[in-house]
Amino acid sequence: MDRDARGMTEVLCTVSTKAILLGNEAIARGIVEAGCLVACAYPGTPSSEILPAVAKFADEMGSPMAVEWGVNEKVAFEMAAAASFTGSRSCAVMKQVGLNVAADPFMSSALYDLKGGFLLVVADDPGPHSSQTEQDSRHFAMFAKIPCFDPSSASEAKEMVFDAFDLSERFHVTAMLRPSVRVDHCRQDVELGEILPFKGEVKFEKDPSRWVCLPAKVRVNHPKLNAKLEEIRAAFETEFRKYNYEVPAKKESVLGIVASGVSFSIVSDILKSLGREDVAVLKIGTPHPLPVKMVTDFIEKHPRVLFLEETYPVMEMQIPDRTKIMGRWNGVVPGAGELLPEVVAGILADILGIESPSGADSMLKDTLEELGITPRKPMLCPGCPHRASFFSIRQALPNAVNPSDIGCYSLGVNQKAVDAIIDMGGSVTMGSGLTLAHKVAGIDRPVVSTIGDSTFFHMGIPGLVSAVYNRHPFVLAILDNSTTAMTGGQANPGVGEKLRKGDEGRKVDIEGVCRGCGVSHVRTVAAYDVAAGKEAIKEAWESAKEKKEPAVVIFRHPCMLLRLQQPVIPVRVDPEKCIGCKFCINFFNCPGLVFNEESGKAYIDERFCVSCGVCLSVCPHGAIVEVSEEGE
């Protein structure tokens with residue numbers, strides 16, 4: 001099968017089989033089949049499954065490619081970008097907020113005349129479901145002036161990988177593939193092929209005028225990039241009709257819809273279910289640079305046109321005349337939130353003057369009421385070591401300010417142990433900022449920042465170096481659970497494992513890193529040992545005040561999801577000792593501890609309790625007791 005009628009790449013494989021793949025797995029398969037030689041990423045939902053799947057397919061198919069986690073998105077992007085300087089096909093993978101971290105090299109490299117194909121995969125999270133923002137990475141593509149592909153399905157995402165690499169090599173630019181969460185996590189039957197043979201040569205040719213980013217070169221390269229962008233726009237108008245095409249109305253059109261990404265799939269299903277044959281749809285798979293002529297011609301043919309895209313009005317903004325357009329710019333489409341099927345159905349109902357169907361939220365509410373289920377907030381897993389660490393910190397310094405970070409431990413907010421979160425690494429620098437504000441105001445109040453092991457390596461180290469240098473007296477608690485748990489249990493430098501079989505990494509010692517940053521007070525305690533944790537935090541704060549510098553406490557225990565051997569200490573609540581104060585519920589917040597409103601007592605819910613035994617240290621009245629002690 002020749003994937004490319006333009007003759008840019010000769011495809012030598014014959015597709016002989018299909019497989020049902022997750023959207024992220026389909027993207028990964030495309031990356032391997034396309035002959036990518038270097039793939040780097042930092043995990044983040046909804047992109048996390050891509051790089052492990054790349055490693056899996058590379059192992060199965062015998063690809064020589066390098067597949068590595070970067071310590072953060074900036075590192076991953078720069079490794080992949082540099083690989084493209086040699087002529088290698090390379091890719092960097094991250095989620096939308098990860099592109100914020102990689103924005104510096106991303107903006108600079110956009111101006112380079114790249115050699116090898118360079119694919120940037122950025123998974124967006126409209127909603128958001130697991131992110132600090134629901135930002136639209138297509139805006140970043142506009143900002144950097146690079147082409148962007150917006151897939152509407154898993155199979156299309158895989159196909160776009162090939163065209164994005166080809167386009168990158170044709171115009172020597174970075175190409176973005178921007179799947180959203182519904183494409184990342186859908187499942188679809190996908191054609192499987194073989195690896196394209198690499199016909200080039202991996203060779204870095206010294207050329208400072210090409211590879212050194214200097215103001216003088218920007219003044220030359222920026223106009224060139226503008227010209228490239230217009231050439232790409234023309235290509236999107238003509239050569240990419242498989243991604244940009246009209247589904248015409250079968251009757252006289254009353255409405256035209258321009259849709260991109262998963263919104264196209266959603267609106268197509270809704271129109272089919274409604275039996276509407278008087279609505280035309282223009283699918284756009286390349287939202288930037290927008291094929292403007294194609295879109296404006298479509299607009300002229302219809303009395304009114306609705307734009308459906310997630311999450312920002314990226315396509316709308318590229319239309320010179322928006323008189324006939326209904327979308328986010330004029331409030332017809334909500335300015336925030338995911339365009340779920342019920343949302344799109346509601347928009348269409350208002351425009352077409354039909355009854356709006358019941359939404360999923362209403363159906364869910366009715367079902368919960370019928371079953372008598374009371375939803376509860378997300379909380380840390382049973383036996384999570386972070387819960388014990390947070391309890392130790394709160395007990396040691398109840399008056400402390402507790403900035404925290406991005407990770408599972410963000411849920412420490414339910415234990416009243418998290419007061420502020422900004423972004424990855426922000427807990428450390430917030431510790432400095434709060435300390436400075438207290439200093440100038442003459443306030444003596446402890447600050448205890450919390451950060452996970454992976455996040456510490458990701459972006460916590462620069463803030464710690466700054467705190468040491470500037471002598472900021474606060475406590476940094478590193479919650480080391482030996483994994484990147486929130487995004488699926490990926491390895492990090494503190495673990496030392498790598499993705500490819502037979503590819504060995506080296507474990508980086510957190511204590512050594514902290515001491516290397518200049519921290520003199522570094523203590524490691526077992527997270528489950530609440531008494532030791534409380535004492536360690538108190539000592540660290542006293543050291544920070546005395547030495548006028550940050551102190552570090554490392555709470556260490558493996559994540560429960562690693563399924564390593566855990567202590568088994570069965571517990572129960574003694575109803576005679578429980579006074580119903582809810583201290584264990586409010587400050588320990590374990591799903592295994594439940595309060596019975598009728599009896600006014602706490603009890604152990606054995607469906608969730610993993611017998612970690614930590615709650616024995618929690619109750620101020622000694623009502624939580626070990627079962628074995630009483631012979632039960």
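How do the residues of the lining of the second largest pocket divide into nonpolar, polar and charged? In this predicted model, the lining has ten nonpolar, four polar and three charged residues. Here Ala, Val, Leu, Ile, Met, Phe, Trp, Tyr, Cys and Pro count as nonpolar, Asp, Glu, Lys and Arg as charged, and the others, Gly among them, as polar.

Some notes on reading the numbers come first. The model is predicted, with local features requiring pLDDT of at least 70 and side-chain atom pairs pLDDT 80 or more, while totals for chains, interfaces and linings use all residues. Residues are numbered from 1 along each chain as its sequence is written, and side-chain values use heavy atoms, leaving out hydrogens and water.

The second largest pocket holds about 460 Å³ of space; this volume is the space filled by probe spheres set on grid points, which are joined across faces, edges and corners. A pocket is an open set of points on a 1 Å grid over the protein atoms alone, where a 1.4 Å probe fits, with protein on both sides within 12 Å along at least five of seven lines; lining residues have an atom within 4 Å of a point. Of the 17 residues that line the second largest pocket, Pro375, Arg376, Lys377, Met379 and Asn589 lie nearest its centre. Helix 21 (583-587) and strand 19 (593-596) each supply at least two lining residues, and helix 21 gives the largest share, three residues. Helices (H or I, at least four residues) and strands (E, at least two) are DSSP runs, numbered from the N terminus.

Turning to helix 2, its twelve residues (50-61) reach 16 Å from the first C-alpha to the last, close to the 16 Å expected at 1.5 Å a residue. The expected span is 1.5 Å times one less than the number of residues. Buried residues (under 20% relative accessible area, with exposed meaning over 50% and partly exposed in between; 1.4 Å probe, protein chains only) in helix 2 are Ile50, Leu51, Ala53, Val54, Ala55, Phe57 and Ala58. Their cover includes helix 1 (23-33), together with strands 1 (17-22), 2 (38-41), 3 (66-69), 4 (90-95) and 5 (118-123); contact means heavy atoms within 4.5 Å. Just after helix 2, Gly62 takes a positive phi of about 75°.

Helix 3 (residues 73-85) has 13 residues and should span 18 Å at 1.5 Å a residue, which agrees with the 19 Å between its end C-alpha atoms. Its N-terminal end is capped by Asn72, with a side-chain oxygen 3.1 Å from the backbone nitrogen of Lys74. Among the buried residues of helix 3 are Glu73, Phe77 and Phe85. Gly87 follows helix 3 and has a positive phi, near 100°.

Two further residues are worth a look. Ser404 sits in the loop between helix 16 (385-396) and helix 17, and counts as buried because its relative accessibility is 0%. The Ser404 side chain makes a polar contact with the side chain of Thr450 (2.7 Å); such a contact is a pair of N or O atoms within 3.5 Å, where, within protein, one must be able to donate a hydrogen and the other to accept it, and residues adjacent in sequence count only if both atoms are side-chain atoms. Val440, in helix 17 (residues 426-441), is exposed, with a relative accessible area of 74%.
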